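The sequence and structure are shown first.

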Amino acid sequence: EVLKNETDVNLFGEPTIYLTQNLLAYWGKQKKKAADEMKKLIDNEGIKIINWEDGKSLYDLKLKPAQHIKEFKPDTSIFDLQDMLIPGKKIQFIDRLNKLKQSQDPFLLYSLIHKHTRLMLLLNTRQEPAKINPYVKTKAAGQARQWETTKLKQFYLGLSKIDQAVKTSSTPFDIPQSLEILACYYL
């Protein structure tokens with residue numbers, strides 16, 4: 001049992017601090033019990049909770065936001081990286097790429113960039129992509145309009161060459177280094 005009494009304050013009247021880490025793994029096994037304990041902690045004003053989940057949020061834990069729960073989230077995401085796939089945003093793209101490569105699988109980053117670039121190319125050449133979320137389509141169309149069609153085709157071709165070079169081991173560069181080089185040429 002996590003909570004011992006209703007007034008969890010220390011000797012000096014300061015609130016008690018609970019640190020949680022990787023709670024999501026525990027959450028799946030003992031969901032009902034864990035949810036009841038967390039609700040007690042959240043509702044108790046004398047307790048502060050610091051939650052550390054590797055890339056997860058309170059939403060993933062199905063917990064309501066509370067003033068005294070501190071959440072630490074990553075400062076960038078793959079969607080931020082995709083937003084920088086615009087000519088003139090080279091520095092921002094490389095910065096986000098370098099941050100993400102420390103915590104994300106490089107091939108996943110490559111795959112999502114490749115897929116997003118293909119979507120932008122379809123929209124740039126006025127082709128209709130199959131079954132795409134309207135929000136994603138609108139956002140990608142806005143990005144696609146900022147590219148010259150020939151440059152976007154060359155960028156997409158460059159992404160395909162990265163895939164081939166990595167799979168055949170014909171490059172001394174890893175995926176993030178290759179993406180960075182490609183970005184220097186086209187962004």
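A nonpolar core is here a set of buried Ala, Val, Leu, Ile, Met, Phe, Trp, Tyr and Cys residues that are joined through side-chain atoms within 4.5 Å. Buried means a relative accessible area under 20%. The model is a predicted one.

**Core**

By that definition, the largest nonpolar core contains 29 residues. Leu81, Phe93, Ile113, Met120, Leu159 and Leu179 have the most contacts inside this core. Two or more residues come from each of helix H3 (78-83), helix H4 (90-100), helix H5 (106-124), helix H6 (134-144), helix H7 (149-167) and helix H8 (175-186). Helix H5 contributes the most, namely seven residues.

**Overall fold**

The protein chain has eight helices and three strands. Read from the N terminus, the order of elements is β-α-α-β-β-α-α-α-α-α-α. The protein chain has 187 residues, and 35% of them count as buried. If contacts are taken between residues at least 6 apart in sequence, 61% of them join residues at least 24 apart.

**Around Leu159 and His114**

Which residues does Leu159 contact, leaving aside neighbours within four places in sequence? They are Tyr110, Ile113, His114, Thr117, Leu179 and Leu182. Two of these, Ile113 and Leu179, are also named among the residues with the most contacts inside the core.

His114 is located in helix H5. Is His114 buried or exposed? Its relative accessibility is 14%, so His114 counts as buried. Apart from residues up to four places away in sequence, His114 touches Tyr156, Leu159 and Ser160. With Ser160 there is also a polar contact, side chain to side chain, at 3.5 Å.

**Salt bridges**

Side chains of opposite charge can pair when their charged atoms come close. The cut-off applied is a side-chain nitrogen of Lys or Arg within 4 Å of a carboxyl oxygen of Asp or Glu. By this rule there are four salt bridges. The table lists some of them.

| Asp83 | Lys139 | 3.2 Å |

Lys139 is partly exposed at 34% relative accessibility, and Asp83 is partly exposed at 22%. Helices H3 and H6 are also among the elements that give two or more residues to the core.

Asp95 and Lys99 pair within helix H4; because they are four residues apart there, about one helical turn separates them. Asp95 counts as partly exposed, with 36% relative accessibility, and Lys99 is partly exposed as well, with a relative accessible area of 35%.

Glu128 counts as exposed because its relative accessibility is 59%, while Lys137, at 26%, counts as partly exposed.

How values were computed:
Residues numbered from 1 in each chain as written. Predicted model: local features only at pLDDT ≥ 70, side-chain atom pairs only at ≥ 80, totals over all residues. Heavy atoms only, no water. Buried < 20%, exposed > 50% of the residue type's maximum accessible area, 1.4 Å probe, protein only. Contact = heavy atoms within 4.5 Å. Polar contact = N/O pair within 3.5 Å; in protein donor to acceptor, adjacent residues only side chain to side chain.
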